[in-house]
Amino acid sequence: GLVSDMLKDYIDMASLDKQNFKIKAWSGKVSLSDLTLLPGALERLDLPISVIQGTVGSIQVKVPWKSLKSKPVKVTIQDVMLLVAPSLNWDDQAVLNRCTERIQTVIAAMDGQKPQAPAEEAAPAEEGAE
């Protein structure tokens, strides 16, 4: 369903069952509890850590169906526990390049322009070269 499609990249779907998943569609309330995080759950955040194991105590979602245009959807996440380790795939330069591209995209959008390609850094001159 919709909820499982949204969570499949973050939550071990085997930990989601009728006991810990409650939905009241007409009132706009979704409740999930006792969930297990997938090891790759935080990869999109570009952090220098990898999740070894993690759990989420509860996720509460409130959707104001009658006033979606004027009121926010509220998501409350509680009791997150993570066991993390340094990431083996961490690449400082790659992360810096992605951040630079994102910043340029935001600035370009604010200016109404297309983002510029990242400038290549000049290679340092070799010693003794003339």
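Predicted model: local features only at pLDDT ≥ 70, side-chain atom pairs only at ≥ 80, totals over all residues.

**A first walk through the model**

User: Which residue just after H2 takes a positive phi?
Analyst: H2 ends at residue 111. Just after H2 there is a glycine with a phi of about 75°. That residue is Gly 112.

User: What pattern does the protein chain follow along the sequence?
Analyst: Begin with the elements: the chain has two helices and four strands. Now read them in order along the sequence, and the pattern is α-β-β-β-β-α.

User: Which residues are closest to the centre of the largest pocket?
Analyst: The largest pocket holds about 520 Å³ of space. Its lining is made of 24 residues. The elements that give two or more residues to this lining are helix H1, strands S1, S2 and S3, and S4. Closest to the centre are Val 3, Met 6, Leu 7, Val 30 and Val 61.

User: Which side chains meet in a salt bridge, and where does each one sit?
Analyst: A search of the whole structure finds one salt bridge, with an N to O distance of 2.9 Å.

User: Is Arg 44 buried or exposed?
Analyst: Arg 44 has a relative accessibility of 56%. The cut-off for exposed is over 50%, so Arg 44 counts as exposed.

User: Why does Val 73 count as partly exposed?
Analyst: Val 73 lies in the loop between S3 and S4, and its C-alpha is 4.9 Å from that of Val 63, 10 residues away along the chain. Buried means under 20% and exposed means over 50%, with partly exposed in between. Val 73 counts as partly exposed because its relative accessibility is 43%.

User: How much accessible area does the nonpolar patch on the surface have?
Analyst: Val 73 is one of the patch residues, and Trp 65 and Val 84 are also among them. Val 84 is found in strand S4 and is partly exposed, at 37%. Together, the patch residues have about 710 Å².

Conventions:
Residues numbered from 1 in each chain as written. Heavy atoms only, no water. Patch = residues over 30% accessible without salt bridge, like charges linked within 9 Å, V, L, I, M, F, W, Y side chains within 5 Å. Areas by Shrake-Rupley, 256 points an atom, 1.4 Å probe, with all protein chains shown as cover. Salt bridge = Lys/Arg side-chain N within 4 Å of Asp/Glu carboxyl O. Buried < 20%, exposed > 50% of the residue type's maximum accessible area, 1.4 Å probe, protein only. Expected span 1.5 Å × (residues − 1). 1 Å grid on protein atoms, 1.4 Å probe; cavity = no way out; pocket = protein on both sides within 12 Å on 5 of 7 lines; lining within 4 Å. Points joined across faces, edges and corners; volume = space filled by probe spheres on them.
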